[in-house]
Number of protein chains: 2
Amino acid sequence: MGRGAPPTRSIAELGEFGFLARLLRRLPVAPGTVVGPGQDCAVVRCGGRDCLLTVDALVEDVHFDARWLSPRQVGRKSFLVNASDVAAMGGQPRFCVVSLGVPAEYAARQLSALEDGIVAAARDCGAAVVGGNLTRARTLFISITLLAEAPRRRVTRQGACPGDRIYVTGTLGDAALAVHELRRGRRRPAAQLVRRFAEPPARLRAGRYLVESGLVSAMIDVSDGLLQDLGHICAQSRVGARIDAERIPVSAAYRRVCATDRTLALSGGEDYELLCTLPERSVRNLERDIRQLGCPLTCIGEITSGRRVRLMGPDGGELRVGEAGYDHFRQPPR
Amino acid sequence: MGRGAPPTRSIAELGEFGFLARLLRRLPVAPGTVVGPGQDCAVVRCGGRDCLLTVDALVEDVHFDARWLSPRQVGRKSFLVNASDVAAMGGQPRFCVVSLGVPAEYAARQLSALEDGIVAAARDCGAAVVGGNLTRARTLFISITLLAEAPRRRVTRQGACPGDRIYVTGTLGDAALAVHELRRGRRRPAAQLVRRFAEPPARLRAGRYLVESGLVSAMIDVSDGLLQDLGHICAQSRVGARIDAERIPVSAAYRRVCATDRTLALSGGEDYELLCTLPERSVRNLERDIRQLGCPLTCIGEITSGRRVRLMGPDGGELRVGEAGYDHFRQPPR
């Protein structure tokens with residue numbers, strides 16, 4: 001790649017997803033790679049069985065502000081955002097390695113607390129930290145790679161079909177609202193909102209059930225905003241979607257601040273809920289077994305044959321979709 | 001950890017290895033973990049077989065200066081430093097995931113070249129890039145996690161015994177000398193030196209042979225300087241070592257600049273050669289099969305029962321050991 005690209009084009013201009021899309025087209029497919037790049041996790045054949053492999057990083061001043069999260073919370077969150085990717089493929093986290101970049105003046109006590117957060121979150125999810133790397137860096141970064149057991153079935157972003165129902169776990173928008181309030185520096189936002197930013201839910205149980213039951217046709221975790229992540233499912237499945245704005249599940253805390261405004265729930269990002277599609281014939285089975293998930297699940301719309309994601313208002317008219325979602329390279333630090 | 005540590009102690013004061021040692025003592029051992037943290041790779045049981053898992057990161061202005069390495073070289077090197085850890089455990093790299101932190105103004109063309117470097121180095125080593133993550137960061141960082149096939153035998157840093165011979169592959173000091181010359185801003189150092197800094201040798205073939213043959217008792221890759229990495233073998237094996245300064249293998253290019261000074265070969269770091277120990281009874285077998293390694297192998301000393309690493313001069317007297325090796329947190333940027 002790069003041939004033909006003017007030398008001055010920066011990642012900011014191209015955007016994270018534009019760049020990634022160009023990159024993916026160049027990657028050779030290797031033997032043993034069951035599912036390559038472009039999904040929440042890669043699936044690789046390892047010792048005769050499939051494993052999931054995924055990596056994610058948190059960077060200070062990009063993903064969080066040190067005034068908002070304690071080192072321990074930063075550690076927990078770094079693990080949980082990875083676990084969320086594993087949940088989206090129905091896997092079970094097993095082992096992780098941690099790559100830390102730390103400013104020289106960072107206190108050893110803080111770093112220990114950060115590590116404690118990672119170790120505790122891993123244990124809570126049934127995984128263990130088995131190795132790592134520590135290096136000096138100007139800004140704190142935590143990059144975690146997770147190796148997980150793959151489920152017997154495989155669900156990616158690619159299986160959605162027109163007519164499939166679109167479901168989402170939990171509620172959306174709380175984490176983005178917390179960040180919005182923290183950045184405006186107003187009085188500290190409600191504890192529930194901050195907790196949702198600090199502690200991604202990592203829907204491992206729900207993800208495993210949804211995949212193992214064979215009910216869902218496509219799944220992704222909502223990390224960059226519902227509309228953007230639904231857009232990934234649509235692009236990879238070559239379909240469109242229709243979402244009913246009124247059905248987007250939001251918390252009481254969200255409603256208290258935003259009333260009927262669903263912008264942050266649609267595009268804010270950092271929800272780490274699961275977004276899945278399932279054929280209409282599976283809906284009854286899903287709703288029968290909904291207790292297995294350990295969290296609420298809400299139908300928010302339907303997959304369509306057009307290639308667009310359309311947002312419908314309460315009167316049945318189409319609403320204009322604002323920002324598509326979060327792109328690290330195109331938006332100011334949170 | 002952290003209890004009892006004064007709140008003001010920074011990682012710089014504690015040092016990278018001091019901090020890591022304290023961290024390792026706190027990590028729980030998880031089921032399925034065959035070899036936990038503290039080695040070049042973790043060994044985990046995965047699908048009924050053992051796999052190696054390792055992570056390493058390069059950070060701009062800590063590990064390299066953008067004036068010294070092209071983006072493609074940075075990409076290649078990021079992969080190869082990981083492959084070197086796999087070589088030290090005798091493994092075969094299979095899959096990797098890449099975590100990139102990139103400044104917003106970084107050119108898309110540069111990032112593509114960097115990715116090309118990673119992909120090409122992976123292919124050269126028999127591995128594939130199967131996933132990754134891209135985020136904005138103030139300074140460029142590249143963190144790569146490698147999943148590798150484990151050999152049937154297991155060699156760690158822990159098996160060295162008094163009387164074992166100490167061997168090292170290739171030559172030492174060229175990479176550190178290149179950095180030394182580049183930092184002094186003198187005329188561009190010899191191409192061979194710069195190549196050794198840009199392109200770690202990743203002794204995969206030698207590592208596999210040394211482990212699979214059952215000859216070696218302990219092994220490590222020399223990334224932080226011979227004395228420091230030998231120190232890790234000694235500490236973990238609870239032994240000491242005696243090294244003959246005159247036997248340290250150096251290149252002709254190194255000798256031209258440094259004459260008889262072996263400081264950089266002993267403590268400079270970034271060699272990515274293999275350092276191993278083997279019982280005296282295995283020496284003849286090793287020297288018979290030396291062609292299998294694909295690189296030179298030199299005996300530089302012997303494991304002793306004392307706990308110290310001693311450096312002997314040509315007259316048989318002990319030399320004073322200067323800097324122990326490279327610690328990111330205690331030394332200025334390279």
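Trainee: Which residues of α7(B) are buried?

Mentor: Buried means under 20% relative accessible area, exposed means over 50%, and partly exposed lies in between, with a 1.4 Å probe and protein chains only. Helices (H or I, at least four residues) and strands (E, at least two) are DSSP runs, numbered from the N terminus. In α7(B), the buried residues are B:L204, B:A206, B:G207, B:Y209, B:L210 and B:V211. This is a predicted model: local features need pLDDT of at least 70, side-chain atom pairs count only at pLDDT 80 or more, and totals for chains, interfaces and linings use all residues; side-chain values use heavy atoms, with hydrogens and water left out. Residues are numbered from 1 along each chain as its sequence is written, while chains are lettered from A and ligands numbered from 1 in the order in which they are written.

Trainee: What do the buried residues of α7(B) pack against?

Mentor: Contact means heavy atoms within 4.5 Å. The buried residues of α7(B) pack against α3, β4 (92–102), β7 (165–169), β8 (218–222), β10 (273–278) and α11 (283–288) of chain B. After α7(B) comes B:G214, with a positive phi near 75°.

Trainee: Which parts of chain A does the pair of A:R154 and A:D50 tie together?

Mentor: First the pair: A:R154 and A:D50 form a salt bridge, with 3.2 Å between the closest N and O atoms. A:R154 sits in the loop between β6 (141–149) and β7 (165–169) of chain A and A:D50 in strand β3 (residues 49–59), so the pair ties together parts that are 104 residues apart in sequence. A:R154 is partly exposed, at 46% relative accessibility, and A:D50 is buried, at 17%.

Trainee: Is strand β5 of chain A mostly covered or mostly open?

Mentor: Strand β5 (residues 128–136) of chain A is mostly covered, with eight of its nine residues buried. Two strands pair if DSSP finds at least two bridges between them. Strand β4 (residues 92–102) of chain A pairs with β5(A) in the parallel sense over eight bridges, and A:G101 has A:T135 in β5(A) as its bridge partner. From β4(A) the chain crosses through helix α4 (residues 108–124) of chain A to β5(A), a right-handed β-α-β crossover. Right-handed means that, with the strands pointing away from the viewer, the path from the first strand over the helix to the second runs clockwise.

Trainee: What is the mean pLDDT of chain A?

Mentor: pLDDT is the predictor's confidence in each residue, from 0 to 100. For chain A the mean is 87, and 88% of its residues reach 70 or more. Over residues 1–7 of chain A the pLDDT is below 50, and beyond near neighbours in sequence this stretch has twelve contacts in the model. Where pLDDT is low, the predicted coordinates should not be read in detail. The model scores ipTM 0.88 and pTM 0.89.

Methods:
A salt bridge is a side-chain nitrogen of Lys or Arg within 4 Å of a carboxyl oxygen of Asp or Glu.
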